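Reader: I have a sequence and a model to go through. Can we take the main points one by one?

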Amino acid sequence: PNMLNAALFLGAFLLLEQKKTTKFQLALLGFILGIGPWIHVKMLLSFATIGIIAVIQIMLTKKAWKNKITDFLVLSLPALIFVGLFEWKLYQWYGVILPSQTFAGDIMFFVSAADSLPAILFDATKGIITNNPAFLLIFLGLPIWLRKAPRQVLKLSLIIGPSFYLQLTFLDWWGGWSPSGRYWIDILPLLM
């Protein structure tokens with residue numbers, strides 16, 4: 001599901017970056033935010049952060065309060081409907097309300113982020129840099145991007161930072177069939 005989630009993530013971020021958003025774009029963003037957890041639950045935190053930033057952006061616009069409330073409803077209704085359905089099915093399928101309870105108790109928050117970050121970058125079989133050194137170009141481009149669009153980089157950091165940190169604490173290096181850099185696939189299109 002990572003490639004589909006990456007496309008949704010990129011689409012949500014591009015919609016978030018629009019100077020002026022139409023009602024259709026807000027509804028589309030709400031749909032993406034609501035459908036994202038259905039594709040992969042690990043992206044729930046990132047999509048929730050995008051939703052919070054979108055609400056803050058709506059509140060900071062210079063529109064009348066009536067228009068702000070309408071924009072908020074257009075954004076939140078699709079998201080709330082799909083997340084509500086997701087929670088209902090989560091309870092129906094697994095008997096839990098929190099998505100983290102679907103994972104085995106010993107997989108989340110089990111590994112030190114300081115230990116898993118070098119592994120994600122440089123592991124011989126799954127390291128993103130080891131298996132594709134071209135991704136080093138991302139780190140070369142970040143300072144240029146930071147200089148040209150610091151607010152955009154800050155916003156992106158707020159979106160992917162917590163989710164990436166959470167991903168670092170998962171004990172999931174045993175999946176030998178997983179492609180290298182699998183857990184970076186969602187954020188790589190944004191960084192590129």
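Reader: Is lysine 155 buried or exposed?

Author: This is a predicted model, where local features need pLDDT of at least 70, side-chain atom pairs count only at pLDDT 80 or more, and totals for chains, interfaces and linings use all residues. Residues are numbered from 1 along each chain as its sequence is written, and side-chain values use heavy atoms, with hydrogens and water left out. Buried means under 20% relative accessible area, exposed over 50%, and partly exposed in between (1.4 Å probe, protein chains only). Lysine 155 has a relative accessibility of 17%, so it counts as buried.

Reader: Which residue forms a salt bridge with lysine 155?

Author: A salt bridge needs a side-chain nitrogen of Lys or Arg within 4 Å of a carboxyl oxygen of Asp or Glu. Here the closest N and O atoms are 2.9 Å apart. Lysine 155 pairs with glutamate 17.

Reader: How many residues apart in sequence are the parts that this pair ties together?

Author: Helices are DSSP runs of H or I, at least four residues, numbered from the N terminus. Lysine 155 lies in helix α8 (residues 150–168), and glutamate 17 in the loop between α1 (2–16) and α2. The pair therefore ties together parts that are separated in sequence by 138 residues.

Reader: Which residues do salt bridges join into one network?

Author: Lysine 23 and aspartate 71 meet at 2.4 Å, N to O. Lysine 23 lies in helix α2 and aspartate 71 in helix α4, so this pair ties together parts 48 residues apart in sequence. Aspartate 71 also forms a salt bridge with lysine 63, with the closest N and O atoms 2.5 Å apart. Shared partners make one network of Lys23, Lys63 and Asp71.

Reader: What is the relative accessibility of aspartate 71?

Author: Its two partners are partly exposed: lysine 23 has a relative accessible area of 38%, and lysine 63 has 33%. Aspartate 71 counts as buried, with a relative accessibility of 3%.

Reader: Where in α4 does a kink lie?

Author: Helix α4 covers residues 65–94. The bend at a residue is the angle between axes fitted to the seven residues ending there and the seven starting there. In α4 the kink is about 30° and comes shortly before proline 78. It lies at serine 76.

Reader: What covers the buried residues of α4?

Author: The buried residues of α4 include Leu75, Phe86 and Leu90. Contact means heavy atoms within 4.5 Å. The cover includes α2 (23–39) and α3 (44–60).

Definitions and conventions. Helices (H or I, at least four residues) and strands (E, at least two) are DSSP runs, numbered from the N terminus. The expected span of a helix is 1.5 Å times one less than its number of residues.
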